[in-house]
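Welcome to a short tour of one protein structure. Have a look at the sequence and the model first, and then we can walk through some of its details together.

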Amino acid sequence: MRIEPWDPTDETTALGCYEVHRAANLADEPLEPPMSAGAFGLFLREGWEKTPGETWVASDAEGGIVGFYRMHLWDLENLDRASIGPVVHPAVRRRGFGGALLRHEAARAAANGRSVLSGVVVKDSAGAAFARALDAKLELDEIRRVQYLDKIAPGLVGALRQAAERAAAGYSLVNWTGLVPEKFLAPLANVINAFADAPHGEGVEPEAWDADRLRERGGTFVRAGLLRNYGVAALHDATGEMAAYTAVNVDPEAPAWGHQQLTAVTRPHRGHRLGLLVKTAMLELLAEAEPQLKYIQTGNAAANQHMIAVNEQLGYEVVEPGWQFYEMPVAAILGQA
């Protein structure tokens, strides 16, 4: 087996990696579609939010691509960490390719001064078994919930929105399609930072956002035309502060699925049902803008009881399997070699 760095100009190898991604998704992910080829290519080049990193590709003796990894090397927070582990084609699993790729990734993480390697896997998948076999530490269990839009009772969303509006007197809603408007960048950064108190792995440093970071690193897939984005925010009438926000993305190549992004309410404005308000307004916006939607997917840590309660009011159902976040010291991976 050869493990070589990926040249971002090499579209043939990128498509080979995409086929590995598609096959792994079909084997491990029973519900949601894989990323589109275009989104996957941008992910290899830039990560999720222009996160620096490295992509390495594993080939067998005949030159066929059997696996890859795109390692994120965080540059603003979590400078001791690298993340996202190897992906191996299901047809060649249990032949040592995954272990070899992981050891290679750990060596590259160490070369970049990182001491912890982390990743997320589908629960009960081959990736989860691989993590357990390595004695990796389970940091967070995230429960998958899906909103089946055709199951929502007629009038429910409107009734919930009216109830939320009564509790949210003194707040007004705004929405947008596509990139975040310039005037909302700084207010939105403040709301994103409010998400720092949501459950996360021990030792993980929350991200700190400001307008410049949102402008430069936010919405890269939307800007490239690979995703459609919808945002709804609640503004406090007396101060003009953005108090709550929610967003949903839709992949044009899998238009039946909406992917819930961040929903957050800033601490000074909690207790006014703003989370429910922005999410019901989002459903009404999507009904007009994306009438073909059938499902909206989200994930909640088990400890996030407030957001779970909001989602349950909106008819979200727990759907197995969920996701698991693992981490392991780089030195321990290299020691197992």
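Predicted model: local features only at pLDDT ≥ 70, side-chain atom pairs only at ≥ 80, totals over all residues.

The side chain of S83 makes a polar contact of 3.4 Å with the side chain of W74. You will find S83 in strand 4, which covers residues 81–83.

Is S83 buried or exposed? Its relative accessible area is 6%, which is under 20%, so S83 counts as buried. Leaving aside residues up to four places away in sequence, S83 touches R70, M71, H72, W74, E105, L117 and S118.

## Aromatic rings

Next come the aromatic side chains. The model holds 9 aromatic pairs. One of them is formed by F40 and F68, an edge-to-face pair with 5.5 Å from centre to centre and 85° between the planes. This pair links distant parts of the chain: F40 belongs to helix 2 (residues 37–46) and F68 to strand 3 (residues 65–73), 28 residues apart. F40 is buried at 2% relative accessibility, and F68 is buried too, with a relative accessible area of 3%.

Another pair joins W257 and Y295. Their ring centres lie 4.6 Å apart and their planes meet at 35°, so this pair is tilted. W257 sits in strand 11 and Y295 in strand 12 (residues 295–301), so the pair ties together parts of the chain 38 residues apart in sequence. W257 is buried at 8% relative accessibility, whereas Y295 is partly exposed at 25%.

Which residues make up an aromatic cluster? Y18, F40, F43, W48, F68 and F221 form one together, so F40 and F68 take part both in their edge-to-face pair and in this cluster.

## A helix and its cover

Now turn to helix 6, which spans residues 185–194. Its buried residues are L185, L188, A189, V191, I192 and A194. An α-helix has 3.6 residues a turn, so residues three or four places apart point the same way.

What covers the buried residues of helix 6? The cover includes strand 8 (171–177) and helix 7 (211–217). It also includes strand 10 (242–250) and strand 11 (257–265).

## An enclosed space

How many cavities of 30 Å³ or more does the model have? The count is 1. About 50 Å³ of space lies in the largest cavity.

The lining of the largest cavity is made of Q147, V248, Q260, K279, M282, L283, L286, I296, L314 and Y316. By class, this lining has 7 nonpolar, 2 polar and 1 charged residues. Helix 9 (residues 274–289) gives the largest share of the lining, with 4 residues.

## Backbone details

E320 and P321 are joined by a cis peptide bond, with omega at about 0°. P321 lies in the loop between strand 13 (317–318) and strand 14 (323–329).

N78 is not a glycine, yet has a positive phi of about 55°. The loop between strand 3 and strand 4 holds N78, which is buried with a relative accessible area of 10%. R94, also a residue other than glycine, has a positive phi near 65°. R94 is found in the loop between strand 5 (87–88) and helix 3 (97–111). Is R94 buried or exposed? With a relative accessible area of 85%, R94 is exposed.

Terms used: Residues numbered from 1 in each chain as written. Heavy atoms only, no water. Helix = DSSP H or I, 4+ residues; strand = E, 2+ residues; numbered from the N terminus. Buried < 20%, exposed > 50% of the residue type's maximum accessible area, 1.4 Å probe, protein only. Polar contact = N/O pair within 3.5 Å; in protein donor to acceptor, adjacent residues only side chain to side chain. Contact = heavy atoms within 4.5 Å. 1 Å grid on protein atoms, 1.4 Å probe; cavity = no way out; pocket = protein on both sides within 12 Å on 5 of 7 lines; lining within 4 Å. Points joined across faces, edges and corners; volume = space filled by probe spheres on them. Nonpolar A, V, L, I, M, F, W, Y, C, P; charged D, E, K, R; others polar. Phe/Tyr/Trp six-rings, centres within 6.5 Å; stacked < 30°, edge-to-face > 60°.
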